[in-house]
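Trainee: Could we go through this structure together, one question at a time?

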Amino acid sequence: MNKNIKYKILWIVFMMIPLLFLFSCSTKKNSFTRRAFHNLTCHYNGYWNGDQAYKDGLQALDDKVVEDYTKILPLYNYGDKNDVQVLNQNMDRAIEKASIMIQRHSMKFGNVEYVKWIDDCYLLIGKAYFYKREYISAKRSFKFVIAEYPENNIKYESMLWLARTYNQLEEYEKAEPVLTSFAKIMTEENIPLSARKMYPLVFANHYIAQEKYDKAKKYLSLSVNINTKKQLVTRLKFIQAQVFQKEENLSRASELYSQVIKRNPPYEMAFQAKINMAKSFDAESGNSEHIVKILNKMLRDSKNKEYRDQIYYALAEVALKNSNDTLAINYLRLSVALSTDNDYQKSVSSLKVADMYFNIPDYENSQAYYDTAMQSLPKEFPNYEQEKEKAETLSLMVDNLSTIQMQDSLQYLAAMNEDKRLKIIDKIIEVYIEEEAQKLENARIQQQNEQFNKASNNIVPGGAASGKWYFYNPQTLSFGYTEFVRKWGKRKLEDLWMLKNKKSTSFGIQSKELIASDSTRSDSTSIVSNDPKEREFYLQNIPLTPEQIVFSDSLILEAYFMLGKLYKEGLKNNEKAAETFKELISRYPENKYRLKSFYKLYKIFDEENDYEQNELYKNLIITNYPESDYAKVILNPDYYKEINAQKNEAAGLYKKAYQAYINKEYYMVISYADYAIETYKDTALIPKFDYLSALSIGKIEVVDSLIIALRKIVVRYPSSSVKPLAKNILAQISDNDSDKENEKDQREKDIRPSPYKHHNTKDAHFFVLVINTKEVNIPVHALKVRVSDFNKENYRLRELNINSILLDDQYQIITVGNFKNDQMALTYLNHISSSEYVYANMSPDAYDSFVISTANYPIFYREKDVEVYMEFFKNDYLK
């Protein structure tokens with residue numbers, strides 16, 4: 001009989017067994033057959049229970065993940081590592097149920113599986129591993145299904161899941177052939193509709209993950225056309241709109257965003273669609289009135305209170321496209337002022353307005369907003385380092401401007417007669433008292449409003465025109481906030497918040513307000529008063545003596561020179577740089593920066609092609625400083641090349657002298673050194689030549705000659721690297737072991753290298769919890785139970801072993817293992833470290849936790865030094 005016919009007969013007989021059981025169960029007497037049939041149907045329900053656990057896990061993940069609308073959305077949002085924790089338990093249950101189903105009910109004859117749910121179980125296991133981010137296990141499952149069921153429709157879905165896995169592993173070069181192969185199969189075979197619908201989604205996501213948006217557009221369109229689920233199609237249209245917006249196809253982007261809004265999407269997506277539609281407004285082809293009307297309506301909606309920063313940013317974008325920079329700046333300032341929880345939006349708005357102020361240029365306002373932006377700007381933000389550098393430059397610029405204004409004000413006060421000076425101070429005190437009284441009144445009004453709102457449960461809506469109270473008006477709130485940051489910077493709320501240095505405070509005449517500043521006193525005079533309502537508080541920093549005036553002038557001089565350099569080199573503003581250097585020379589004709597300022601001006605006017613001014617400063621340098629390097633390089637453009645050539649010659653000679661010393665040719669060393677000192681007087685190698693010469697003298701003459709030569713080096717080269725070497729030898733000669741520098745060098749030499757080896761990432765690892773038994777009141781066996789409970793809840797499918805052992809009289813350790821590689825161990829460490837249950841009632845100082853390779857574990861147990869291993873762990877794993 002043909003084997004296939006035999007197997008089919010056996011299959012028919014097998015399928016009749018449940019019917020026979022069912023018939024038997026109709027008689028109440030046959031309880032055995034009734035129970036057997038019940039057990040059989042329960043086992044077949046195993047797959048469906050696993051599938052339900054899988055769906056529950058997906059729902060938990062969907063409830064947890066947050067969309068990042070600052071980027072083009074992915075088609076699938078898998079969340080991050082922390083989000084995945086919410087579905088681990090459900091996915092483990094799905095894997096467990098599917099595995100039991102396979103083990104107990106798989107019936108395979110002649111390489112043919114006769115239980116239809118088995119292939120679904122294998123696919124379910126792969127999908128569960130995929131969402132657990134265990135991509136290697138997922139990949140193995142999908143490949144198995146493809147190879148094991150080549151004639152089954154399930155292989156098509158497995159191919160697409162395999163491609164999704166490669167995408168998550170960023171192995172795009174492997175994903176694309178799988179997807180291309182699938183596309184070819186679609187033209188040749190009758191593929192299920194569900195797989196046909198998934199194919200363009202996976203391919204689109206494949207290109208979006210690589211930021212190849214132009215290629216993704218084709219598959220996004222296919223996905224929209226073939227899929228019918230409303231929520232999915234809405235998401236696809238939103239992503240299409242984002243792609244067109246990024247490509248500056250604003251009309252098409254606006255059209256798609258409009259379609260998204262009409263499809264009644266979730267609230268946040270609808271909000272973002274309206275915002276992006278405003279940003280996509282094309283001033284050349286459309287009227288902004290409709291967009292502005294929509295945005296103003298959104299501002300009035302109480303549901304959008306937390307989104308007002310984004311709305312004002314969108315209004316600023318529209319204003320910029322209408323070439324209304326003033327209105328755009330106002331909207332951006334409002335966006336910054338109203339951004340409380342969205343740090344990203346605050347950073348983006350701050351950068352935008354900072355750049356606008358920078359281009360005016362209004363450097364002080366620009367610096368204030370750059371400072372705000374850098375406090376929360378993520379490091380992966382485009383051009384982060386450039387923005388950071390610009391912010392730091394502007395901050396230094398404002399500091400130097402403040403120093404000049406402050407010292408000028410103080411010197412102006414110092415030049416007055418005492419009566420006039422005291423009248424001005426009394427006026428400042430009067431203003432200060434009035435401001436303090438106003439603060440108290442504002443606080444009282446605020447408290448009354450809060451009590452009223454609480455009683456009536458009616459919070460006053462925000463908006464530019466709503467409410468009479470200051471803090472409910474975004475425009476005045478923005479202005480106040482920006483002015484405060486511009487003037488004071490970021491300040492902690494505390495007594496005398498306006499003072500950077502509570503021990504020394506000064507004030508400006510023009511602003512009539514306190515200005516934070518270092519004291520202008522060059523001596524250590526004690527503080528007379530810290531009370532801003534007393535005259536002494538202001539008088540103590542006014543430079544009244546000649547010495548204090550000189551010190552104040554030195555602060556102004558340094559600030560001017562630094563300010564000129566910042567304008568020239570940091571901000572690339574030659575006009576402001578030239579103005580600053582000229583002011584410096586005008587105010588202080590004979591100063592230490594006179595030559596450098598001349599040269600800076602010479603270079604500025606050379607770049608600006610101002611021949612007359614360039615010649616003026618060239619002649620001033622050559623006439624007044626003929627022997628300076630600046631004069632030499634002006635007269636001889638190759639001057640520095642020649643200097644460098646000399647340096648190279650000196651370096652070559654030093655190598656010869658050093659080799660001669662190694663070869664014990666001490667007279668040759670002294671000869672080389674004498675020649676170098678005579679020929680290359682200005683090179684940085686001269687101290688080293690002198691040091692080699694001294695050592696050689698010590699080899700061929702008496703010790704006293706060596707001591708004299710080394711003492712000359714110490715005195716002659718106080719800043720050179722050879723000074724500590726010379727002092728070290730002198731200390732050894734005099735048998736003086738207390739020399740501090742020598743002790744420091746010796747301590748560094750005595751540091752024992754780490755006994756641990758750099759770990760292999762593929763080695764098996766343990767998780768280790770070291771417990772200080774003197775600090776922890778919980779018994780170790782109780783902690784083991786907690787760890788075991790944690791593992792059962794989150795890692796039930798892993799065969800993790802828990803052990804405890806005594807490290808020494810004070811410490812015990814609990815180990816969990818084995819983990820296949822370092823990443824699995826580190827993931828476990830991060831997960832368990834966040835468990836409040838495991839570490840309940842334990843002080844962080846009472847334990848240490850880390851991972852360790854199986855190769856290093858015996859060394860750790862032998863050494864028993866937790867601090868040494870923790871240092872190794874931080875350097876070898878965490879960096």
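Trainee: How many residues lie between β6 and β7 in the hairpin that they form?

Mentor: Before answering, note that this is a predicted model, in which local features need pLDDT of at least 70 and side-chain atom pairs count only at pLDDT 80 or more, while totals for chains, interfaces and linings use all residues. Residues are numbered from 1 along each chain as its sequence is written, and side-chain values use heavy atoms, with hydrogens and water left out. Strand β6 (residues 801–806) pairs with β7 in the antiparallel sense over six bridges, where strands are DSSP runs of E with at least two residues, helices are runs of H or I with at least four, both numbered from the N terminus, and pairing requires at least two DSSP bridges. Between β6 and β7 in this hairpin there are four residues.

Trainee: Which residue in β7 is the bridge partner of I771?

Mentor: Strand β5 (residues 765–772) runs antiparallel to β7 (residues 811–819), and seven bridges join them. In β7, S804 has I814 as its bridge partner, whereas the partner of I771 is Q812.

Trainee: At roughly what angle do the axes of α17 and α18 cross?

Mentor: Axes are lines fitted to C-alpha atoms, for helices over the stretch in contact, and angles run from 0 to 180 degrees between N-to-C directions. Residues of α17, including I329 and L332, meet residues of α18, among them V353 and M356, with contact meaning heavy atoms within 4.5 Å. The residues of this contact divide into seven nonpolar, four polar and four charged, where Ala, Val, Leu, Ile, Met, Phe, Trp, Tyr, Cys and Pro count as nonpolar, Asp, Glu, Lys and Arg as charged, and the others, Gly among them, as polar. The axes of helix α17 (residues 325–338) and helix α18 (residues 343–359) come within 9 Å and cross at roughly 150 degrees.

Trainee: How far apart in space are S254 and F281, C-alpha to C-alpha?

Mentor: S254 is placed in helix α13 (residues 250–262). Leaving aside neighbours within four places in sequence, S254 is in contact with M277, S280 and F281. Although S254 and F281 are 27 residues apart in sequence, their C-alpha to C-alpha separation in space is 7.1 Å.

Trainee: Which element gives the largest share of the lining of the second largest pocket?

Mentor: The elements that give two or more residues to this lining include α3 (46–64), α6 (118–131) and α12 (230–246). The lining residues divide into 17 nonpolar, seven polar and twelve charged. The largest share, eight residues, comes from α3.
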